[in-house]
Amino acid sequence: MISGKNNVLVQGTLVLLILLLGLGFFFAAQKPLWNDEIFTQNRSVDRLTYAGILTGKVPEGNITPLFYLTQKAICDAFGFKLPFVWDGAWTVTDFSAQMIMRVQPNLAMSLAITLVFYFFAKVYSPGAGLYALLVALSSYMVWIYWVDSRPYALWFFLTTAQTLLLLCFLKQKENGRPIPWLTAVHLLLSLTAVLSLLQIVAVSLILFLRGCRTWRPYVFLTVVPVALCLFYHSYSPKYSFWFSDSPVQLISASIPKERLALMTGLIGILAFLAFRKKEDASVPVVRRLLGVSGAYFLFVIVIFVESVLLLALFKLKAGAGQEGFPLSNRYFIYLTPVGIVGTALFSVELMRAFSKRIGAQAVLVVVLGLVLLFRMVRTWQLVKGYYHF
């Protein structure tokens with residue numbers, strides 16, 4: 001019976017992945033190539049060798065090589081090079097280029113969304129998986145960078161894998177098992193984006209607080225990835241930038257204000273219930289509060305504080321007037337999967353905590369449904385304008 005259920009879940013997950021990939025290619029066909037995608041393909045993929053990409057010859061602010069290496073491999077597999085001479089136009093419509101250049105980001109984003117669904121459907125229930133899927137699909141940054149031929153979808157996918165592996169670590173009694181997978185993801189993150197240093201440090205801190213105290217795992221889990229981030233940062237070009245959006249706007253594009261408020265409210269109720277549990281009276285309060293949900297919320301706090309400090313550093317270094325480039329919300333895209341997983345996790349855990357209280361569950365369903373509906377409507381409005389539907 002269990003095997004049959006697993007087969008149905010796997011089949012359903014594969015169908016979902018195919019549908020998401022189809023939707024991604026539809027977006028790829030709809031959206032013309034824009035300046036940054038064309039520049040990346042022209043200067044960083046077509047003109048450079050694999051060795052040149054690995055040794056930091058990429059002429060961009062982000063020179064970590066993983067995106068450019070995999071993009072070049074895909075283009076070589078298709079025998080593809082930019083099929084037009086770029087004269088600096090901001091957008092260019094070319095169907096073959098739009099489809100081939102966007103294979104990687106479409107695959108990365110589709111896999112990330114599928115992973116979220118599969119994790120919650122398998123660990124909790126199909127209903128939980130569907131809710132997590134809707135939370136993911138109601139996220140603005142998912143749609144905007146779904147098929148952007150830049151490193152952001154890959155970064156999103158690896159962050160999703162990182163957060164779900166963190167949950168696996170928090171939920172398992174033998175907590176060492178996910179460490180090798182986390183180590184691999186951290187190394188890939190360090191080769192994808194310099195700013196992934198923040199999330200690598202945040203996850204490592206949570207692992208340490210949750211009992212992974214031996215130093216050996218942290219060599220490749222933390223020290224080597226952080227060193228790689230710093231190495232590539234040291235060789236990256238340094239550009240001037242300015243704030244076109246406020247710090248609040250930059251953060252809330254990835255974690256909307258109502259989603260952050262919802263997560264805080266849900267974890268507050270979970271903490272209150274954990275504190276009141278009489279059957280756990282012998283367990284120290286801190287240990288009760290630092291369960292799976294509590295530890296994940298601590299991770300959210302750590303990574304959010306790191307992001308605020310990063311914004312403060314950007315603010316100190318920002319140029320006068322409008323010199324250089326506007327600081328983009330995509331630099332904080334790692335917060336989106338963190339918020340998606342946190343919202344789904346706290347919602348499902350609170351529903352389970354209220355399993356014997358039908359009235360409380362009904363109220364929670366209404367609240368969660370209204371917040372989700374608001375976010376879906378708001379995101380649809382933004383996406384409709386972006387893709388010109």
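How much space lies in the largest pocket? About 1500 Å³, and that is where I'd like to start today, everyone.

A quick word on the model. It is a predicted one, with local features needing pLDDT of at least 70 and side-chain atom pairs counted only at pLDDT 80 or more, while totals for chains, interfaces and linings use all residues. Residues are numbered from 1 along each chain as its sequence is written, and side-chain values use heavy atoms, with hydrogens and water left out.

Back to the pocket. On a 1 Å grid over the protein atoms alone, a pocket is an open set of points with protein on both sides within 12 Å along at least five of seven lines, a cavity is a set where a 1.4 Å probe fits but cannot get out, and lining residues have an atom within 4 Å of a point. Grid points are joined across faces, edges and corners, and the volume is the space filled by probe spheres set on the points.

The largest pocket has 48 lining residues, and G61, N62, Y239, L327 and Y331 are the closest to its centre. By class, the lining splits into 28 nonpolar, 11 polar and nine charged residues; here Ala, Val, Leu, Ile, Met, Phe, Trp, Tyr, Cys and Pro are nonpolar, Asp, Glu, Lys and Arg charged, and the others, Gly among them, polar. Elements supplying at least two lining residues each include helix 2 (35-46), helix 9 (152-171), helix 11, helix 16 and strand 4 (325-326). Those elements are DSSP runs numbered from the N terminus: helices are H or I with at least four residues, strands E with at least two.

Helix 11 (residues 196-209) and helix 16 (residues 292-317) meet at about 145°, axes 9 Å apart. The axes are lines fitted to C-alpha atoms over the stretch in contact, and angles run from 0 to 180 degrees between N-to-C directions. Among the contact residues are L198, V201 and L205 of helix 11, facing L298, F299 and E306 of helix 16, where contact means heavy atoms within 4.5 Å. That contact counts 13 nonpolar residues, one polar and one charged.

The whole structure has 20 aromatic pairs, meaning Phe, Tyr or Trp rings (six-membered for Trp) with centres within 6.5 Å; planes under 30 degrees apart are stacked, over 60 edge-to-face, the rest tilted. F241 and F314 form an edge-to-face pair, 5.2 Å centre to centre with 85° between the planes. F241 sits in strand 3 (residues 241-242) and F314 in helix 16, 73 residues apart.

The largest cavity holds about 80 Å³, and helix 18 gives the most to its lining, with four residues. The second largest cavity has about 40 Å³, with Q41, D46, K72 and F80 among its lining residues.
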